Structure formats: structure tokens, C-alpha cells
Amino acid sequence: MSAGRTLAIIAVAAICTFATRVAPFLLFSGKKPIPPVVRYLGQALPPAVIALLVVYCVKNVDWLTAPHGAPELLCIAVTALLHIWKRNNLLSIGVGTVLYMFLVQTVFV
């Protein structure tokens, strides 16, 4: 792939990313109230996405052989408890990920 094509792909990705970040501010500028359906989606989608990620994380766990999903369940519990305690998405997901990688590479080898 040529350097020009690579730069074009990066530019398109950057423009699309920027556009999706700016669009809500342009559409809902504060002069008129946010539509109820958008407010509902803002409340309902984050927990739905987290639930989907949990299902995705445990979909290939073999519950009948050792370690029987222990690292996954332990890390899900730690992530959930840390999030309930600190209410910080980045902290809870980061700690859960680091703990999972530590467990599967050192403890549950």
C-alpha cells in the first residue's frame, strides 16, 4: 500500500471520528430541549453495552473443565464492585482487564 493511500485512509478515519464526536453538539445545541427518545437512549444504552460485553466475554468459557470460568467470574465481580464503589468506568474496566490478564497468564496457566 502506498504512503498516499495510507494517509488518505487515516484522514478519512479521523474525519469520520471527529464528525461523530461533533454531531451531537451541532444537533442538540442547547437552544431547544433534547428529544425524549435521545434522553432515553442516553440512559439505556450504556448498561446495555456493558451487558453485551459481559456476555461476549463469557461466551467461549468452558464451564465443565478447569478452571471452570473462575478468572472470568472473578474479574467480572471485581469490575462490578469497583464500579459500584468508585463510579469510574475507566478505572473499573482497566482494573478488571489488568486483573484478568494477570490471572490467565500467571495463576490459571
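This is a working chat about the predicted model shown above.

Biologist: Before we start, what kind of model is this, and how are residues numbered?

Modeller: It is a predicted model: local features need pLDDT of at least 70, side-chain atom pairs count only at pLDDT 80 or more, and totals for chains, interfaces and linings use all residues. Residues are numbered from 1 along each chain as its sequence is written, and side-chain values use heavy atoms, with hydrogens and water left out.

Biologist: How many helices and strands are there?

Modeller: Four helices and zero strands. From the N terminus the order is α-α-α-α. Helices (H or I, at least four residues) and strands (E, at least two) are DSSP runs, numbered from the N terminus.

Biologist: What is the radius of gyration of the chain?

Modeller: The chain has 20 Å, whereas a compact globule of 109 residues would be near 13 Å. That radius is taken over C-alpha atoms, and the globule rule is 2.2 Å times the number of residues to the power 0.38. Along its principal axes, the C-alpha trace spans about 55 × 45 × 25 Å.

Biologist: And how much of the chain is buried?

Modeller: Buried residues make up 9% of the 109. Buried means under 20% relative accessible area, exposed over 50%, partly exposed in between (1.4 Å probe, protein chains only).

Biologist: Switching to packing. At what angle do helix 3 and helix 4 pack?

Modeller: About 160°, with the axes 9 Å apart. Helix 3 covers residues 70–86 and helix 4 covers residues 89–107. Axes are lines fitted to C-alpha atoms, for helices over the stretch in contact, and angles run from 0 to 180 degrees between N-to-C directions.

Biologist: Parallel or antiparallel?

Modeller: Helix 3 is roughly antiparallel to helix 4 because of that angle. The cut-offs: under 35 degrees is roughly parallel, over 145 roughly antiparallel, 65 to 115 roughly perpendicular, and the rest oblique.

Biologist: Which residues make the contact?

Modeller: From helix 3, they include Leu 74, Val 78 and Leu 82. From helix 4, Ile 93, Leu 99 and Leu 103 are among them. Contact means heavy atoms within 4.5 Å.

Biologist: How do the residues of that contact divide?

Modeller: Into 12 nonpolar, five polar and two charged. Here Ala, Val, Leu, Ile, Met, Phe, Trp, Tyr, Cys and Pro count as nonpolar, Asp, Glu, Lys and Arg as charged, and the others, Gly among them, as polar.

Biologist: On to the backbone. Which peptide bond is cis?

Modeller: The one from Ala 66 to Pro 67, with omega near 5°. Pro 67 lies in the loop between helix 2 (36–58) and helix 3.

Biologist: What about phi of His 68?

Modeller: Phi is near 60°, a positive value in a residue other than glycine. His 68 is in the loop between helix 2 and helix 3. At 41% relative accessibility, His 68 counts as partly exposed.

Biologist: And Arg 87, buried or exposed?

Modeller: Arg 87 is exposed, with a relative accessible area of 61%. Arg 87 sits in the loop between helix 3 and helix 4. Phi of Arg 87 is positive too, about 55°, although Arg 87 is not a glycine.

Biologist: One more. Where is Val 61?

Modeller: In the loop between helix 2 and helix 3. Val 61 counts as buried, at 15% relative accessibility. Leaving aside neighbours within four places in sequence, Val 61 is in contact with Gly 69 and Glu 72.
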